[in-house]
Amino acid sequence: MNMAGSYRQAMDFLYLACVVTGSIALVLISAVIPWAVFTRYVLNSAASWPEPLAVLLTIVVTFIGAAAGYRLNLHMNVGYFANKLPDPFRSLVDLIVQLLMGLIALFMIIWGWRLVEVTWHNTIADFPFLSVGVTYLPIPVGGACLLLFIIERIFLGAPPDPIGQHPEMSID
C-alpha cells in the first residue's frame, strides 16, 4: 500500500474513533440527564453530579465529534458563491478555507493544550478525583484530529462518503 493509501486508512480509523467517542458521550448524556430529572422530581433529592458530567460529555461531543463531522463535510457551511465560481477559482477558495481551518485547528491545539496545563492541578468539586485539565483534553485532541483531517483533504481530496456506499441507506 502506498503512503497516500496508508494515510487515508489511518484517517478512516481516526474518524471511526472520533465517531465512537462522540457517540458514547452522547449516549451517556442521554442517560445522565433523565437520571438527574428522576432524582430531582421523583426522589426529591437532586443528585449533584449529573449536570457537571453532562457538561464534560458535551465538551467531548463538541470537539471530538465536530472533527469527525468536518471530515465528511457534515457541518454547516455557506458555499453558494463559491459554487458559482469557475473550477480553478473554486479550488483556490477551497484551499483557502482549508488553510484557515488549519489555523483554527492549530489554535485549538496550542491554546487548548495551554488550558490543559494551567488547569491540570485543579479539581472539580463534584469529581475530586478528576483533574480539570483532563476535562479540557478534548479541545487539543479534537484540534489535532481536525488538523489531520484537513491535511488529508488538502493532499488527498475529500474522503469517500461511507453512507453513499450503502444502498440500503439511500433515500429514494
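Guide: Quick term before we start: pLDDT is the predictor's confidence in each residue, on a scale from 0 to 100. We need it here, as this is a predicted model. The protein averages a pLDDT of 89, and 94% of the residues score at least 70. Confidence is highest in helix 6, at 96, and lowest in helix 3 (residues 80–83), at a mean of 78.

So let's settle on helix 6. Helix 6 runs over residues 138–156, 19 residues in all, and spans 26 Å from first C-alpha to last, close to the 27 Å expected at 1.5 Å a residue.

Now for what's tucked away. The buried residues of helix 6 include Pro138, Gly142, Gly143, Cys145, Leu146, Phe149 and Ile150, and also Glu152 and Arg153. As for partners, the buried residues of helix 6 pack against helix 1 (3–41), helix 2 (50–71), helix 4 (87–119) and helix 5 (132–136).

Some of those names come back in the largest nonpolar core, which has 20 residues: Cys145, Leu146 and Phe149 are among those with the most contacts inside it, along with Leu14 and Cys18. Helix 1, helix 2, helix 4 and helix 6 each supply at least two residues of this core.

Terms used
Residues numbered from 1 in each chain as written. Predicted model: local features only at pLDDT ≥ 70, side-chain atom pairs only at ≥ 80, totals over all residues. Heavy atoms only, no water. Helix = DSSP H or I, 4+ residues; strand = E, 2+ residues; numbered from the N terminus. Expected span 1.5 Å × (residues − 1). Buried < 20%, exposed > 50% of the residue type's maximum accessible area, 1.4 Å probe, protein only. Contact = heavy atoms within 4.5 Å. Core = buried A, V, L, I, M, F, W, Y, C linked by side-chain atoms within 4.5 Å.
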